[in-house]
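Subject: Handover of a structure and summary of findings

Dear colleague,

Please find below the structure that I am passing on to you.

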Amino acid sequence: MTADLLVLLIVIVTALAFDFTNGFHDTANAMATSIATGALRPRVAVAVSAVLNLLGAFLSVAVAATVAKGIVRLDAVHGEALLIIVFAGLVGGILWNLLTWLFGLPSSSSHALFGGLIGATIAALGWGGVIWAHGADGVLTKIVLPALLAPIVAALVSAIGTWAVYRITGKSDPDKVNAGFRWGQVGSASLVSLAHGTNDAQKTMGVIFLALVAHGTLTKNDEMPLWVMAACAVAIAAGTYLGGWRIIRTLGKGLVEIDSPQGLAAESSSAAIILTSAHFGLPLSTTQTATGSILGTGLGKGVEVRWGVMGRMTVAWLLTLPLAGVAGAICWAIAHVIGGLPGVLVVFALLIALSSVMYLRSRRDPVDTGNVNEWPGDTPNSGTEVAKDAAPAAEDRGSPPNGSPAPGTNSRSAQV
């Protein structure tokens with residue numbers, strides 16, 4: 001096995017590792033509201049989401065093409081130099097994903113990846129190595145503009161939908177309304193998961209395509225290989241099934257208290273926007289879209305929004321591109337200074353070490369299916385309200401009768 005081939009294999013493994021972190025980091029986008037309202041049990045929710053992410057990954061490659069050909073000027077770099085840029089960008093994205101997961105912050109995995117790639121490219125080639133704007137393509141048009149518009153549009157659509165739902169059902173029996181909307185949430189959450197697969201799994205496909213072009217296995221005009229699509233689909237589905245419980249809790253319980261009608265409005269809004277962006281090849285942040293939708297449901301219903309939590313999320317969004325870029329640039333510098341395969345191996349070892357440290361730190365304050373519906377600082381009553389609301393749907397599924405705890409809740413609490 002040649003050194004170039006070994007570097008390529010390490011890059012592909014790292015790309016699939018990023019896809020895996022993307023899966024558990026973004027599970028909350030589809031399933032947080034359904035878990036919070038009791039429409040789906042936590043483990044059932046992540047299993048459904050995993051299967052639909054897997055299927056969604058095969059539906060389109062428009063986003064993958066944007067990532068593969070719309071960030072780095074492929075005519076300015078090739079061979080091992082491009083492989084190291086891609087590798088360093090992936091490591092930067094993974095480290096930012098894990099750090100924000102540790103703190104329960106639903107930041108954008110997409111922007112972590114793009115930030116890492118942009119930072120590594122700038123470090124290697126200077127500012128001219130990045131395609132900032134080229135007609136309808138480029139970082140500003142395809143990444144920055146959608147990042148600014150997506151949460152705003154999602155919040156507006158979701159707020160209007162929530163207001164309309166409560167206007168229409170205002171005189172109906174609340175128990176029947178909640179039970180009906182919980183069934184609706186199963187469909188809308190499933191659609192978000194399918195949409196997530198059409199958007200986020202494509203990004204890793206694009207990165208692996210870049211690596212294969214750099215190695216000379218493919219040219220930039222070739223079709224996406226089926227094995228790349230399948231590997232990325234399996235990786236993101238596996239990560240989704242793991243469940244990013246820390247972020248699920250933040251989106252499901254930390255921003256607003258969500259009832260089933262709000263959940264359906266939020267999920268429907270997110271799915272529509274994500275699927276539209278995938279159709280036009282826009283590598284949208286599904287996290288920002290889902291968060292904007294959840295915020296919109298709170299505004300549409302007129303309930304309390306935890307603006308402190310929203311503020312921390314916004315800070316994380318603003319920092320994602322630059323800090324992931326810094327991480328990518330540092331990783332490229334380390335690999336470049338050491339050089340060749342040894343440099344790649346050193347950075348890979350650093351990735352494993354830092355990932356292990358963050359995982360061990362997370363075990364001090366675990367969040368899992370038992371406490372995912374408990375927000376630190378809430379009174380006991382706030383949790384029981386969710387349990388009572390969830391009871392009718394639980395009975396429909398053959399769960400314990402009224403008075404038993406709702407699925408996925410217990411008396412424990414945890415810190416983010």
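In what follows, two residues are said to touch, or to be in contact, when they have heavy atoms within 4.5 Å of each other. Please also bear in mind that this is a predicted model.

Overall architecture

The protein contains 14 helices and zero strands. Of its 416 residues, 57% are buried, where buried stands for a relative accessible area under 20%. Among the contacts with a separation of 6 or more, 86% are between residues 24 or more positions apart. The accessible surface amounts to about 16200 Å², and carbon and sulfur atoms contribute 68% of that surface.

Helix 4 covers residues 79-102 and spans 35 Å from its first C-alpha to its last, close to the expected 34 Å. Because 21 of its 24 residues are buried, helix 4 is largely enclosed by the rest of the structure. Gly104, which follows this helix, has a positive phi, near 65 degrees.

Trp101 belongs to helix 4. Its relative accessible area is 13%, so Trp101 counts as buried. Leaving aside residues up to four places away in sequence, Trp101 touches Phe24, His25, Gly244, Arg246, Ile247, Met358, Tyr359 and Ser362.

Helix 10 and Gln262

Helix 10 has 20 residues and reaches 29 Å between its first and last C-alpha, close to the 28 Å expected. This helix is mostly covered, with 15 of its 20 residues buried. Gln262 lies in helix 10 and is buried, its relative accessible area being 0%. A polar atom of the Gln262 side chain lies 2.9 Å from the backbone nitrogen of Asp259. With residues up to four places away in sequence not counted, the residues that Gln262 touches include Thr162, Tyr166, Glu257 and Lys301.

Salt bridges

Side chains of opposite charge can pair when their charged atoms come close. The count of salt bridges in this model is four. In one of them, Lys253 pairs with Glu257 at 3.0 Å, N to O. Which of these two residues is buried, and which is partly exposed? Lys253 is buried, with a relative accessible area of 2%, whereas Glu257 is partly exposed at 29%.

Glu257 also forms a salt bridge with Arg306, their closest N and O atoms being 3.9 Å apart. Glu257 is in the loop between helix 9 and helix 10, and Arg306 is in the loop between helix 11 and helix 12, so the pair ties together parts that are 49 residues apart in sequence. Arg306 is partly exposed, with a relative accessible area of 21%. Through shared partners, the salt bridges join Lys253, Glu257 and Arg306 into one network.

A further salt bridge links Asp365 and Arg361, with 3.3 Å between the closest N and O atoms. Arg361 is partly exposed, at 35% relative accessibility.

Leu145, Leu148, Leu149, Val153 and Val157 make a nonpolar surface patch of about 430 Å². Val157 is placed in helix 6, residues 139-169. With a relative accessibility of 42%, Val157 counts as partly exposed.

Yours sincerely

Key
Residues numbered from 1 in each chain as written. Predicted model: local features only at pLDDT ≥ 70, side-chain atom pairs only at ≥ 80, totals over all residues. Heavy atoms only, no water. Helix = DSSP H or I, 4+ residues; strand = E, 2+ residues; numbered from the N terminus. Expected span 1.5 Å × (residues − 1). Buried < 20%, exposed > 50% of the residue type's maximum accessible area, 1.4 Å probe, protein only. Polar contact = N/O pair within 3.5 Å; in protein donor to acceptor, adjacent residues only side chain to side chain. Areas by Shrake-Rupley, 256 points an atom, 1.4 Å probe, with all protein chains shown as cover. Patch = residues over 30% accessible without salt bridge, like charges linked within 9 Å, V, L, I, M, F, W, Y side chains within 5 Å. Salt bridge = Lys/Arg side-chain N within 4 Å of Asp/Glu carboxyl O.
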